Amino acid sequence: MVVRGPLRARLQLAITLSVLLFGGLNILLVGRITYSALRAEQDRRLNFVVRLLAQRAAQPLLIDDDLAVQKLLEESRRLDPDLVAISVTGPSGDLIAMSKSETSNPSSPRREAIADILGGRLGQVHAGVEEASLRSTTGKVLSVIAMMVLGFLATGVVGAVLIARSITKPIEHLVTFASTFRLDRPLPELDVRSEDEIAQLAEHLESATRQLQQFHLAARAQERHLARVEHLATVGMLAAGVAHEINNPLAGIRTSVERLLRHTKDPRDAERYGSVLRDAIARIERAVKGTLTFARAAEVNLAPARLQDCLERALELAAPRLEEIRAILTQSVAADLPEVTADAAQITQVLLNLILNACDAITEGGRITITSSREENFAVVSVSDSGPGVAAEIREKIFSPFFTTKAPGKGTGLGLAVSRTALREMGGDLSLAAGNGEGACFEIRLPWAERTFDGANSPR
């Protein structure tokens, strides 16, 4: 599963956007309400002013005192700055007096109110206000609200960070615990300091992982037990095979001894029969030695070991054979490969066995390649050759005891079986890689040593 964004960042973003959305809606709604309220108030004042002027202008008009009317208009406009134009017209519509603001904008939208003087018999009073003043007042109110929204936003962001941290920090601990948990490693520390459902989840998760580790250890113990049982069964098979291997040499020894006893006077016959005896005894020794080696394969001493050192010792032992067939050896085992948990002597023996098998598989001047790689919890060493490879029909049999593709007398068929048994007891394995059309490639897998792991369970 791909995480598209951290929970903390998404939570902070959600809270910030909520504050912005709420603030924007507040500005919009308060702006509309404020504008409507101010406009209604301005209309009431405007109507009140024209009615008041209509009453006060009646007396001067009755005595035709136009100068008094003009003075009244000027005073009224000065008292109310919102009034940009006041005028008095006669019954026929002719202009009697007018007061106009010098700063008024003719193109600006206006609203006007009209009041009759003595029912219209003396004329009318006209008064107007511009929308600009109303909008200016509304803008000031909105500016104050915007500043408040910015303050709320800053507070909201800080609150979002704190809230997101308090919620996501325990979850991050859970994620770290789950990602670093390994069945065969010590349980990571789970530090969740909260008193809510997340703390309960942490307790259940820790308990479940402990039980899972216990089940894993029990399963591994059961696997080792079954491996030993299988090993004992294989030893039984070995005993039958050894009996078969010893039978024929013993028959030869018996015949040779009988003939030597009958013909001891001829030294040539003694030499010929003595050669048969030596060969038969050597075959018996190889069979018995292979059986003992396989029977003791389960006895391994695990400790941190360097694969490079094991490989160097194996190559030293195999050097005469490599020189004999003039093999082209290529090795690229990483110098910084971490230590593995293994029996160094057994690993050296396994590598030597694989190298000698590769020598037997190739012709003179053939290639042997040794490489290393890393997997999640294992080191992998591959030994490949340029020989004919392993036929598909016998790939499943090559790890069986006494199965060999070598010529009679050149192998007991125990090397691969012994090697796989030893590696599995170490927690690793030996396998034959998928064929690529040329040669055979055997892969050794061994677990990293525990002390080569850091907190993230990755090898140093």
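User: Does Asp64 count as buried, partly exposed or exposed, and what is its relative accessibility?
Analyst: This is a predicted model. Asp64 sits in the loop between helix H1 (7-62) and helix H2 (66-79). The cut-off for exposed is over 50% relative accessible area. Asp64 therefore counts as exposed, at 63% relative accessibility.

User: What is the phi of Asp64 near?
Analyst: Asp64 is a residue other than glycine, yet its phi is positive. The value is near 55°.

User: Where is Leu118, and which accessibility class does it fall in?
Analyst: Leu118 lies in the loop between strand S3 (110-117) and strand S4 (123-130). Its phi is also positive, near 50°.

User: Which element gives the largest share of the largest nonpolar core?
Analyst: The core has 40 residues, and those touching the most other members are Ile347, Leu351, Ile355, Phe442, Ile444 and Leu446. Several elements supply at least two residues each, including helix H6 (307-324), helix H7 (344-361), strand S8 (367-374) and strand S11 (441-447). The largest share is eight residues, and it comes from H7.

User: Which residues does Ile355 touch, not counting residues up to four places away in sequence?
Analyst: Ile355 is one of the core residues that touch the most other members. Leaving out residues up to four places away in sequence, its contacts are Leu311, Ala314, Leu315, Ala318, Leu322, Ile368 and Ile370.

User: How many residues are in the second, separate core?
Analyst: Among its members are Leu46, Leu122, Ala127 and Val129. This second core is separate, and its count is 22 residues.

Methods
Residues are numbered from 1 along each chain as its sequence is written. This is a predicted model: local features need pLDDT of at least 70, side-chain atom pairs count only at pLDDT 80 or more; totals for chains, interfaces and linings use all residues. Side-chain values use heavy atoms; hydrogens and water are left out. Helices (H or I, at least four residues) and strands (E, at least two) are DSSP runs, numbered from the N terminus. Buried means under 20% relative accessible area, exposed over 50%, partly exposed in between (1.4 Å probe, protein chains only). A nonpolar core is a set of buried Ala, Val, Leu, Ile, Met, Phe, Trp, Tyr and Cys residues joined through side-chain atoms within 4.5 Å. Contact means heavy atoms within 4.5 Å.
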